[in-house]
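The sequence and the structure come before my notes.

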Amino acid sequence: MTDTIEPSPTSHGKIALEGLHNTRDLGGLPAGSGHVRPRRLLRSGMLAPATAGDLATLRDTYDVRLVVDLRTDEEAARWPDPMEALPEARLVHLPVFRAPSGGDAQEAIRALGERLMSGELDIADLFSGLYPRFVLGEDGLAAYRGLFRELLSLEEGAVLWHCSAGKDRCGMASALVETALGVPWDLVEKDYLATNELIEAKGAAQNMFDVGGVDARYLHAALDAVNEAYGSLDTYLAEALGVDDDAREELRRKFIAA
C-alpha cells in the first residue's frame, strides 16, 4: 500500500461506515517534515454498532491488527467489541476511567447522568473536571502509558483505539499520540473538535460520555493540569507516559512518512 495521501480539509479522515459515525484515520495529518501514514492509526467510538460491512472494511481495507478499548469494565461487558469479525486483531482493554473506591463505574456514570439531566450539574463543568483526571489519575496514566506501549510494539497493520462515543477518552488519547508524533497543536485541537462535525445523533445516550459534543475548554483543562504537574506536555509524555525522545523517534519511524 502507498503512503501517499492527500488529506481532505472537510473529511477529517472520516472513514465512511454505516454503523460507526466517528471512526477516523489520522493518516495525512502533517507531522514535522512528513505526514502520518494512512491506514495505521485509527480512532473510533465503540465497535458494537458496526455492521458486517463496517467490520469487513476495518479488517480488509485497514488491516486492523490491534484494538485498544479505553472504556470501563462495565461498558466493555455490556457492549463487547465484535472481535470474532477481526480474527487477526488483538484486543487490549485499558480503562481510562473507573468508579472511586472500586465501585461500579456504570452506576457512578448513571448517577452523574441524572445530575446532568436535573440541571444540578453543568456539562461543561463536569467534563472540564474529568479531563484532568483522564491524564493525571492512576487509571488514566496506566491506560495512556499502555496505549503507547502497544503502539511501539505494533509491527504491521493498523491500531484502532476507542471509547464509547470516540470523543473524550479517545479524543484525549488521539491528542497525546498526535503530539508525540509532532503534529502541530493547532491541528491536534482541530482534529479533537472535528467530532462535533462528524458524530451523528444516535438516540438516547448510552452513558454520560455520549452526552453532547466536545469543547476546547475540556482539552485545555487537561493541558493546564499537565502543565501545572509536569511543566509541559513534552515532559508529561516522557516522565508520566514513558514516551521519551527515543520512543518518539521510534513512533515516528513507524507511523510517519516523508
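Before reading the first unit I wrote down the rule for handedness: a crossover is right-handed if, with the strands pointing away from the viewer, the path from the first strand over the helix to the second runs clockwise. I also noted that this is a predicted model.

With that rule in hand, I looked up strand β5, helix α2 (residues 73-78) and strand β6, and found that they make a right-handed β-α-β unit. The strands β5 and β6 (residues 90-93) pair in the parallel sense over four bridges, and in β6 the bridge partner of V68 is V92.

I then turned to strand β7 (residues 158-162), which runs parallel to β5 and is joined to it by five bridges. There I found V67 partnered with L160, and D69 with H162.

Next I asked how β5 (residues 64-69) sits in the model: five of its six residues are buried, so the strand is largely enclosed by the rest of the structure.

For the sheet as a whole, I recorded five strands in the order β1-β4-β7-β5-β6, forming an open sheet with mixed pairing. Strands β1 (24-25) and β6 stand at its edges with a single partner strand each, so one side of each is left without a neighbour in the sheet.

Last, I looked up the cores. The largest nonpolar core has 56 residues, and those with the most contacts inside it are L41, F148, L151, W161 and L241. Helix α6 (residues 169-181) gives the most to this core, with eight residues. A second, separate core has 17 residues, among them L42, A50, Y62 and L86.

Notes: Residues are numbered from 1 along each chain as its sequence is written. This is a predicted model: local features need pLDDT of at least 70, side-chain atom pairs count only at pLDDT 80 or more; totals for chains, interfaces and linings use all residues. Side-chain values use heavy atoms; hydrogens and water are left out. Buried means under 20% relative accessible area, exposed over 50%, partly exposed in between (1.4 Å probe, protein chains only). Helices (H or I, at least four residues) and strands (E, at least two) are DSSP runs, numbered from the N terminus. Two strands pair if DSSP finds at least two bridges between them. A nonpolar core is a set of buried Ala, Val, Leu, Ile, Met, Phe, Trp, Tyr and Cys residues joined through side-chain atoms within 4.5 Å.
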